Amino acid sequence: MTTRRPLIAGNWKMNGLRASVEAFCQIVAGANELREKVDFIVCPPATLIFQFIGSCDSGSVEVGGQDCHAEPSGAFTGDISAEMLADLGARAVIVGHSERRAFHHESDADVRRKTQAAWRAGLLAIVCIGETRDERAAGRTLSVVGAQLEGSIPDEATPRNLVIAYEPVWAIGTGLTPTPADIAEVHGFIRERLNARFPVSAQGIRILYGGSVKPSNAKELLAVDNVDGALVGGASLKAEEFLAIAGVYA
Ligand code: PGA
C-alpha cells in the first residue's frame, strides 16, 4: 500500500492585506514543528504571494495561487498566468474552485486547460470538484463528481503534479459537513476512478476534503479512509485554527 503524505492547504480567498504576513509567519512557525509529518500550502490573494515567499524563512510552507489563466500571457485584462505565479516563487495553484465555477462560469474544459497551464509552469494543481445541495438531494453526487473528475483532469496526472480537493458546494463556508460515511463514499469513488484511469500512479495522488473544516471536526474528518488532508477556507485565516487542524497529524 502506498503511503501518502498528508497535506493541509489554506485557501484565503479574497482576504488579506500586507499586514497579514504576521499570520502567515505564525503559520510558518507552527508548520516548522509539524513538517516531518505534514505538507503545508497557503494560497493567499496573488497580491501577497511575493511578499509571503520572501518572509520568515517560509520553507516549511509552500505558497500557491487561487486561480490561473490557461494562456501564458496575452490580452486578458485582469488575469494572471501560471507562469507569473511560478515567477513569484509559487509552487501550486488551486483550479476549478466552486466559487470560480459559479461566479466565473468555469466549465470542466476550462479547468482542464488551467490544470495543463499549471503543469506547463511546473506548478502543483489542486483541482476542486464537488456537488451542489440540489445535486446531492437528487442522488446525483457520484455522477456529478465523476463527470467533473473526468472533464477536469488531463491525462498526464501524477502524484507530483496533482492533488484533488473534494469540496461539496453546500459545505463551503456554511458550517455544514457531510457525514464521515458520506465522505468515505465519495473519496472511495474518486480513488476508484483514479485507479481505473491512472493504474500506475493513482495510489499516490492525494485527495483532500474541503468545506467547513475546523479544529473541532478535523480529527473526525481527517480520519476517514482516502482523506489525505484538507483544503481549508475560513479557518486558514487564523494561524491557531489552521495549525490546530494540521495538528491532528502530530
Ligand atoms: P471553508 O472553505 O473552509 O471556509 O468552508 C473551503 C474552501 O472553499 O476551500
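I looked up R136 and D182 and found their side chains joined in a salt bridge, 3.7 Å from N to O (a side-chain nitrogen of Lys or Arg within 4 Å of a carboxyl oxygen of Asp or Glu). R136 belongs to helix α6 (residues 133-137) and D182 to helix α8 (residues 180-197), so the pair ties together parts 46 residues apart in sequence; helices are DSSP runs of H or I with at least four residues, strands runs of E with at least two, numbered from the N terminus. R136 is partly exposed at 21% relative accessible area, and D182 is partly exposed at 25% (buried is under 20%, exposed over 50%, partly exposed in between, with a 1.4 Å probe and protein chains only).

I note that this is a predicted model, in which local features need pLDDT of at least 70, side-chain atom pairs count only at pLDDT 80 or more, and totals for chains, interfaces and linings use all residues. Residues are numbered from 1 along each chain as its sequence is written, and side-chain values use heavy atoms, without hydrogens and water.

I searched the whole structure and found 17 salt bridges. One of them joins D39 and R5 at 2.7 Å, N to O. D39 lies in strand β2 and R5 in the segment before β1 (7-11), so this pair links parts 34 residues apart in sequence. D39 is partly exposed at 24% relative accessibility, as is R5 at 34%.

I then examined K114, which forms a salt bridge with E106, the closest N and O atoms lying 2.8 Å apart. Both K114 and E106 are buried. Salt bridges with shared partners join D67, R100, E106 and K114 into one network.
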